[in-house]
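Thanks, everyone. Let me put the structure up, and then we will go through some local features.

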Amino acid sequence: MSDVSTLSPMPAVIDALWERRAELSPLDAEARNAVVAAVDLLDRGKARVARLSGGEVVVDERAKRAILLSFKVLGMARSQVGDFQHHDRVPLKNTFDGVRVVPGAIARWGSYLAPGVVLMPSFTNIGAHVDAGTMVDTWATVGSCAQIGRDVHLSGGAGIGGVLEPPSAVPVVVEDEALIGSRAMIVEGARVGRGAVVGAGTILSASMPVVDVRTGEELGRGRIPDWCVAVGGTRQKEFPGGTFGLPCVLVLRRLEPGQRHDKAALNEVLREHGVNT
């Protein structure tokens, strides 16, 4: 990760406002206008909190600062959708060009939803970026600043964690064509590689070891490789009080790069190990 503030599409005034953030309030109209204009760039997809560059996740700290400043310069306001009333500083999103939004879905202003996205009853938080063709299934959550790629499927109840502070913190990234199984949790800036299939109930955090079951090799921490099938598991470790199983993520199978997911074949792989998507 590196500081790319000079390349940020966000206005430089955000940095100046950040330096005097302690004195800002909703009464400062000039600051509020600047921050709203900056977060509008995120809402329209003209800017984003993070992107992949050379295989690394690069964070736009200025974009993160704009989001954090919005909580300083926006006052509490009441809004209503049908019979439901809300009272918050951040309004609901109202730009849905080419997006299918099923009743019960909630997306906050400052999140970007590309054309072709489908939101079942779910929640998408400020700063999130959801790319074209992605399905956010029922009761799934896309946390603040999470970056979700193209043609991703977030299955029912999947939880994609959010992060706002500090501004340099890397958000969760789920790359193109990944499938996140029901009730799986991807948190703490963890990353799911392109085309990866993550089994139901799997938990991946930034410190979680990822292990190849064929070799026993630890492939790294907090990142599931591209084009593989992965599930939650444990590995044994010796302690003074005995031998205990610590959580990890197990890579069960490698897929051919670029291979489209064959649901029947994937289910066969997962059923072989007693899990599913």
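**Backbone first, then helices and rings**

Cys-145 sits in the loop between strand E12 (141-142) and strand E13 (147-148). Strands (E, at least two residues) and helices (H or I, at least four) are DSSP runs, numbered from the N terminus. This is a predicted model: local features need pLDDT of at least 70, side-chain atom pairs count only at pLDDT 80 or more, and totals for chains, interfaces and linings use all residues. Residues are numbered from 1 along each chain as its sequence is written, and side-chain values use heavy atoms, leaving out hydrogens and water.

Back to Cys-145. Its phi is near 70°, positive in a residue other than glycine. Next, Glu-165 and Pro-166: a cis peptide bond joins them, with omega about -10°. Pro-166 is in the loop between strand E15 (159-160) and strand E16 (173-174). For context, most residues other than glycine have a negative phi, and most peptide bonds are trans.

Now the helices. The axes of H2 (residues 29-43) and H3 (residues 61-73) come within 9 Å and cross at roughly 135°. Axes are lines fitted to C-alpha atoms, for helices over the stretch in contact, with angles from 0 to 180 degrees between N-to-C directions.

Which residues of H2 meet H3? Ala-31, Arg-32, Val-35, Ala-38, Val-39 and Leu-42 meet Ala-63, Ala-66, Ile-67, Leu-69, Ser-70 and Val-73 in H3. Contact means heavy atoms within 4.5 Å.

Last, Arg-21 lies over the face of Trp-18, 4.0 Å from the ring centre. The rule: CZ of Arg or NZ of Lys within 6 Å of the ring centre and within 35 degrees of the ring normal.
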